[in-house]
Amino acid sequence: MCTYATLTTDLEGSAKGPASKWFHVTNGTVYFDHPVHAMAEHTLNIDFADPSKGPGARVAVELTAQSARDLIAAIEGALASAPAEMTV
Amino acid sequence: MSDSLTAQTIKITSGTGDQLETYVSSPLADGKRGGVVVIHHLPGYDRATKELARRIAELGYDVAMPNLYSREGEGLDPADAAAAARAKGGVPDSQLVADVAAAAEHLRSLPTSNGKVGVIGHCSGGRQSVLAACNLELDAAVDCYGAFVVGTPPEGFPLKVTNLVDQLPKLSAPLLGLFGNEDQHPSPEQVDELDGILKQLGKPYEFHRYDDAGHAFFSVDRPSYRVAAANDGWEQIESFFATNLGV
């Protein structure tokens, strides 16, 4: 058991996933653990998923810790650049 | 020892009543031999663990590896099944014991069985290997860097896991432990603690601890791979199984 914490959150949006199809995203799972594919010992992993459509309805990303922090900053920056009334 | 093997996925029934995809591999040679249950790691029923199962069959054992995530659906990408199981909190200990029991029973039912069955697991499977040997009658158990056999999971840890200290008096089989000295899960101090508990309990065990190796040093497809530790570890596994699972 190498993971530290698995955090889950409800999401509302879409992702382009298996077979290049778009699907409705309802759940996010975030954890820091060994990656399946990335060449790093540990990564910040995010699953964008719709569990009601089965385990295959998932977009997975595995990011180095620094990349994950950069992504958070980029997301915050993008949200901050938009008019507040559009991002409620 | 023969390099001719069979390998395939079959179905077995867990004590929970669930059907489990199970990867089985056996030498083609006749004759009685021991069996080994392989417990896959947290990433699931993947190619790397199937390779490991075939290597143990090549050592001369019947091998069975139940897909602990079978309940998520059939024929799934292993990473998708692992993600779905993780999101639900992981594999409960009682379910793991039932699944390993079914795999062990399958191995004992084979015409080639000599009646002896061992278990091996890496990472989360290392802890589960010890868990199985504390709750089932087995003949050998191998723990490759399993975390939380001792020690306390962090506050708020969401997976269904506790340490096994209160179960260790029930350990039914000799235990082989293989650990990297640069690992933090389990840390060298936790390996010391486990060593002390087993000694105090009078349980048969042997530990091998490797410098320049951290967690997952057996994983040939990960940056954590350490060839010297992995090669020696495989020799220890071969010798341990020969001693405890031989005819």
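In which strand of chain B is Gly34(B) found? Gly34(B) belongs to strand E3 of chain B, residues 33–39, where helices (H or I, at least four residues) and strands (E, at least two) are DSSP runs numbered from the N terminus. The model is a predicted one, in which local features need pLDDT of at least 70 and side-chain atom pairs count only at pLDDT 80 or more, while totals for chains, interfaces and linings use all residues. Residues are numbered from 1 along each chain as its sequence is written, and chains are lettered from A and ligands numbered from 1 in the order in which they are written.

Gly34(B) counts as buried because 25 C-beta neighbours lie inside 10 Å; a residue is buried if 20 or more other C-beta atoms lie within 10 Å of its own, exposed if 12 or fewer, and partly exposed in between, with C-beta atoms placed from the backbone. Leaving aside residues up to four places away in sequence, Gly34(B) touches Tyr61(B), Asn114(B), Lys116(B), Val117(B), Gly118(B), Phe241(B), Leu245(B) and Gly246(B), a contact being defined by C-beta atoms, placed from the backbone, that lie within 7 Å. Pro111(B) stands 77 residues from Gly34(B) along the chain, and the C-alpha atoms of the two are separated by 11 Å.

Chain B as a whole holds six helices and eight strands, and from the N terminus on these elements run β-β-β-α-β-α-α-β-α-β-β-α-β-α. Of its 247 residues, 51% count as buried, and among contacts between residues at least 6 apart in sequence, 67% join residues at least 24 apart. The C-alpha trace of chain B spans about 45 × 40 × 35 Å along its principal axes. For 247 residues a compact globule would have a radius of gyration near 18 Å, and chain B, with 17 Å, agrees with that; the radius is taken over C-alpha atoms, and the globule rule is 2.2 Å times the number of residues to the power 0.38.

E1(B) and E2(B) form a hairpin with five residues between them, and in the turn Gly17(B) has a positive phi of about 90°. Further along, helix H5 of chain B (residues 188–201) has 14 residues that should span 20 Å at 1.5 Å a residue, and its end C-alpha atoms are 20 Å apart, in agreement; the expected span is 1.5 Å times one less than the number of residues. Just after H5(B), Gly202(B) takes a positive phi of about 75°.

Chain A comes to one helix and four strands, which follow the pattern β-β-β-β-α along the sequence. Its C-alpha atoms fill a box of roughly 45 × 30 × 25 Å along the principal axes. Buried residues make up 25% of its 88 residues, and 34% of the contacts between residues at least 6 apart in sequence join residues at least 24 apart. Glu12(A), in strand E1 of chain A, counts as exposed because it has 7 C-beta neighbours inside 10 Å. Between Glu12(A) and Phe32(A), which are 20 residues apart in sequence, the C-alpha to C-alpha distance is 23 Å.

E1(A) and strand E2 of chain A (residues 22–33) pair in the antiparallel sense over nine bridges, and the bridge partner of Leu7(A) in E2(A) is Val30(A). The four strands make an open sheet in the order E1-E2-E3-E4 (chain A), with antiparallel pairing. Strand E1 (6–16) and strand E4 (58–63) of chain A are the edge strands, each pairing on one side only, and the twist averages 25° from one strand to the next. H2(B) packs on this sheet, touching E1, E2, strand E3 (43–49) and E4 of chain A, and its direction makes about 90° with that of E4(A); axes are lines fitted to C-alpha atoms, for helices over the stretch in contact, and angles run from 0 to 180 degrees between N-to-C directions.

The contact between the chains takes 28 residues from chain B and 20 residues from chain A. On the side of chain B that touches chain A, helix H2 (78–87) and helix H4 (124–135) of chain B each supply at least two residues, and H2(B) gives the most, with seven residues. By class, that side of chain B has 17 nonpolar, six polar and five charged residues, where Ala, Val, Leu, Ile, Met, Phe, Trp, Tyr, Cys and Pro count as nonpolar, Asp, Glu, Lys and Arg as charged, and the others, Gly among them, as polar.

Conventions. Two residues are in contact if their C-beta atoms, placed from the backbone, lie within 7 Å. Two strands pair if DSSP finds at least two bridges between them.
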